[in-house]
Amino acid sequence: TDNVWSIDVNSSGTGTLTLYARYLDAIQKVYFVSYNDGSPVNLVDNSGLGYIEVPYEDTVEPLLVGEIIYANIPTGMTLLNWYSDNACTTLFDFENTDIISATTIYAGWRAWNYTLNFNKNAPDAISGAVTQSIGDFDGGSEGVAYNSSIYNVATNTANTIPSRTGYDFVGWYLETGGTTAVTLTTTMTAGGMTIYAKWAVKRFSVALNYNDGTSTRIILSSLFEYGASVQTIIHNNITTSQIPTNDTYGFMAWSLIGGNNNYIAGNMLQTDYISTTYTLPDLDELSGTDTLELYAVWRIQYTIEFNSSGGSSVTPLNVWKDSNTNATYNNSNYLETNCATTLSGWIFGGWYIVQDGEVTSTLLTNNSIISQNITVQAKWTIDPDAGYVAPDNTTPLIIAGVILGIITIILAIIIFTHKKGKEVNIRNDDDDNYIPPKSPFDIG
């Protein structure tokens with residue numbers, strides 16, 4: 001290996017010139033490229049040329065490779081090993097491979113595994129087993145590989161699908177506000193990532209079941225969110241025309257339980273028509289259905305007929321059996337505000353109960369218990385500040401009576417005068433001469 005062709009320039013004379021060959025070690029280039037795209041792997045010691053020079057028939061020291069090859073590793077990747085083929089099927093044998101020509105060694109990358117965090121994105125309790133995170137930040141075997149889809153991991157129903165009372169799980173999103181959904185094309189980013197649950201509040205429809213032996217059932221046009229007050233729903237969304245009526249029974253309220261035709265305090269949902277003293281459930285206290293069924297509750301009712309005795313008419317009133325207007329209509333002044341009557345020139349003195357055709361001294365009040373159909377009659381007293389006006393349409397009779405009295409007095413005077421005249425005409429003196437009366441009433 002020390003022989004080279006050389007000439008001694010200081011020699012003189014003639015003779016044979018012998019040249020000796022001198023061999024230098026052949027230098028071979030070893031290229032390091034990325035298997036996936038063939039791009040050079042930068043080598044720090046040769047300005048990123050992507051190769052090193054190795055003497056002929058020498059081997060490449062793995063330690064040297066490990067020390068100098070650490071630049072331009074693809075994002076999210078870690079070096080798995082070095083291979084002699086681009087398919088990365090055969091490991092390169094650094095110890096036993098003599099470099100006799102230009103050689104290419106392929107870097108086999110492995111995607112770094114990153115943590116996928118699951119944020120339930122809800123302050124209230126969530127039931128069900130929900131994985132907090134998959135993987136870690138150290139590139140271990142756990143987690144999701146960089147640049148691979150996270151969709152299948154995120155939608156694994158055994159571990160990652162949460163549940164929340166009153167809400168439907170919409171899916172996993174990249175933001176807390178739920179704008180960008182996780183799909184098959186959503187891939188893991190370097191450093192890990194967090195995805196957020198998106199929720200949709202459950203909505204209920206409300207059905208009014210008249211519960212009267214008919215098939216009448218009304219579905220309210222609006223949907224109501226989980227957590228809404230059933231009391232508020234009833235007050236704000238059920239119109240007067242939707243309140244059922246019955247000739248025998250009076251509507252009391254809406255109930256969560258069907259088939260109850262009597263008053264059951266524990267199951268009542270109050271309306272504007274009855275007491276609101278009960279604690280009513282909200283939709284978050286109900287379960288199991290997308291439709292809230294409200295059943296009408298009925299109670300036997302009796303009718304109060306009003307005889308206004310010449311005053312303005314009053315519509316008959318229905319009151320629950322063995323109850324009063326206060327409880328039936330949830331109004332302690334219902335009679336005064338809804339059953340008033342007026343008559344010009346007279347003062348109303350209340351409604352008095354009629355029994356066996358006679359007006360009694362029993363006054364009907366808002367607390368009077370009604371146990372049967374009854375009739376009440378108005379009581380009137382003359383208004384001293386107004387002219388006399390007879391109640392009960394008796395004015396023509398009184399006028400006729402007054403006229404008749406006047407006529408009777410006139411006739412009495414005429415008759416009396418006629419009789420007196422006769423007595424006067426027969427008065428004579430002793431000589432039988434006529435004596436004129438002193439006055440029409442002079443009877444001598």
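Me: What counts as a pair of aromatic rings?
Reply: Rings of Phe, Tyr and Trp (for Trp, its six-membered ring) pair if their centres lie within 6.5 Å; planes under 30 degrees apart count as stacked, over 60 as edge-to-face and the rest as tilted. Here, ring pairs link F118, F169, W172 and W199 into a cluster. This is a predicted model, in which local features need pLDDT of at least 70 and side-chain atom pairs count only at pLDDT 80 or more, while totals for chains, interfaces and linings use all residues. Residues are numbered from 1 along each chain as its sequence is written, and side-chain values use heavy atoms, with hydrogens and water left out.

Me: How many aromatic pairs does a search of the whole structure find?
Reply: The search finds 13 aromatic pairs. The ring centres of F251 and W298 are 6.2 Å apart and the planes stand at 80°, so this pair is edge-to-face.

Me: How is a pair of aromatic rings described?
Reply: The description uses the distance of the centres and the angle of the planes. For F348 and W380, the values are 5.6 Å centre to centre and 65° between the planes, an edge-to-face pair.

Me: Is W380 buried or exposed?
Reply: Buried means under 20% relative accessible area, exposed over 50%, and partly exposed in between (1.4 Å probe, protein chains only). W380 counts as buried because its relative accessibility is 12%, whereas F348, at 30%, is partly exposed. Both F251 and W298 are buried.

Me: Where does R164 lie?
Reply: A charge sits over a ring if NZ of Lys or CZ of Arg is within 6 Å of the ring centre and within 35 degrees of the ring normal. R164 lies over the face of Y167, 3.7 Å from the ring centre.
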